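Here is a short report on one protein model. Keep the structure in view while reading.

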Amino acid sequence: MELQFLGTGAGMPSKQRNTSALVVKLMQERGTFWLFDCGEATQHQMLHTSLKPRKLEKIFITHMHGDHIYGLPGLLGSRSFLDGKEPLTIYGPTGIQEWILTTLRLSRTYLQYKVNFVEISEGIVFEDEQFTVEAKLLHHVIPCFGFRVSQKPLPPQLLIEQALKLGVPKGPLLAKLKSGQDVLLENGHTVYSQDVTAKAKEGFSLAILGDTRFCEASIELSRDVDIVIHEATFDAGTEELAKPYGHSTITQAAQVAKESGAKHLIVQHISARFLPSQAEELRKQGLAVFPSIIVAEDFAEFELKKNELVQIYK
Ligand SMILES: [Zn+2]
Ligand SMILES: [Zn+2]
């Protein structure tokens, strides 16, 4: 899994920061990527990356403000032009389906793939054998969701050399051992699954939060995650200013990471009021509360390596 930010600005685009869009790359896990929010010109941002729209499998929308959805119709249309044939699922608040279908209809845009809509409420919004995605309502000026993406534990690995050494013949017995069953060999010896398998590895977990004031739901969604991605529209000390707009300061974002026990924090939704040179100052304000914090920039890409958050592209 890698994370790539395509838009880290707030409200309006600036030269340095486009409106919200975050990619969760799952090429190794499932050969696809997922998109969280789709601000205007997200598809233009994608042109500067190696991302192929036809590999886009799911889109999660936090809320219906334009800086989080205005890129959708164009991206959906281009995905079709670029030979996207696999179905795509869009998860979002009530109204997302009506808005997209109306726009596609009035602009006579015909897609050569199926779009499934899931208008979500709180709880598990997606689950399969690999992942669970849970949504919770945050505290913005319109309904806005945060998502927790949890990868399920990876299946135990068979230590094949070890098994062969213990006399297990190649074939179906190996599969049995891998699935956790002990096997009885023809020579009367029992081989125990636990002796020839490596323990199941924990999966990763992310909390991807939409626009919000400081709230309990953010902390609950982010409980013990590897990475929390939180907005920081305002700087330290402007909490009273941030509140009526339904936004947070960098200090409050760091507070969520601290109180939830998250390992790393990446902040985004950075106001155009801040010059690029002020990003470091913002980070320092956050560092006063939480030790692992990054102020995301457009196109920055990250991966987790043994619990360390590593920036692989800047
Ligand atoms: Zn926003
Ligand atoms: Zn908003």
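## Domains

Domain bounds here come from an automatic or database domain assignment. The model is predicted. Domain 1 takes in residues 2-154 and 201-312, while domain 2 covers 160-195. Their C-alpha centres, those of domain 1 and domain 2, lie 45 Å apart.

## Overall build

The protein has 314 residues, and 52% of them count as buried. Its secondary structure comprises 11 helices and 19 strands. The C-alpha trace spans about 75 × 50 × 35 Å along the principal axes.

Take the contacts between residues at least 6 apart in sequence. Of these, 61% join residues at least 24 apart.

## Surface and charge

The accessible surface comes to about 15,300 Å². Carbon and sulfur atoms account for 53% of that surface.

Charged side chains number 33 positive and 37 negative. The centres of the two sets lie 5 Å apart.

## Cysteines

A disulfide is a covalent bond between the sulfur atoms of two cysteines. The cut-off applied is a pair of cysteine sulfur atoms within 2.5 Å. By this rule the protein has zero disulfides. Cys38 is in no disulfide: the nearest cysteine sulfur belongs to Cys144 and is 15 Å away. Cys215 is in none either, and its nearest cysteine sulfur, again that of Cys144, is 9.2 Å away.

Are Cys38 and Cys215 buried or exposed? Buried means under 20% relative accessible area. Cys38 has a relative accessible area of 0%, so Cys38 is buried. Cys215 is at 10% relative accessibility, so Cys215 also counts as buried.

How values were computed: Residues are numbered from 1 along each chain as its sequence is written. Chains are lettered from A and ligands numbered from 1 in the order in which they are written. This is a predicted model: local features need pLDDT of at least 70, side-chain atom pairs count only at pLDDT 80 or more; totals for chains, interfaces and linings use all residues. Side-chain values use heavy atoms; hydrogens and water are left out. Helices (H or I, at least four residues) and strands (E, at least two) are DSSP runs, numbered from the N terminus. Buried means under 20% relative accessible area, exposed over 50%, partly exposed in between (1.4 Å probe, protein chains only). Contact means heavy atoms within 4.5 Å. Accessible areas come from the Shrake-Rupley method with a 1.4 Å probe; for residues, only the protein chains shown count as cover. Lys and Arg count as positive and Asp and Glu as negative; His and the chain ends are not counted. The place of a charge is taken as NZ of Lys, CZ of Arg, CG of Asp or CD of Glu.
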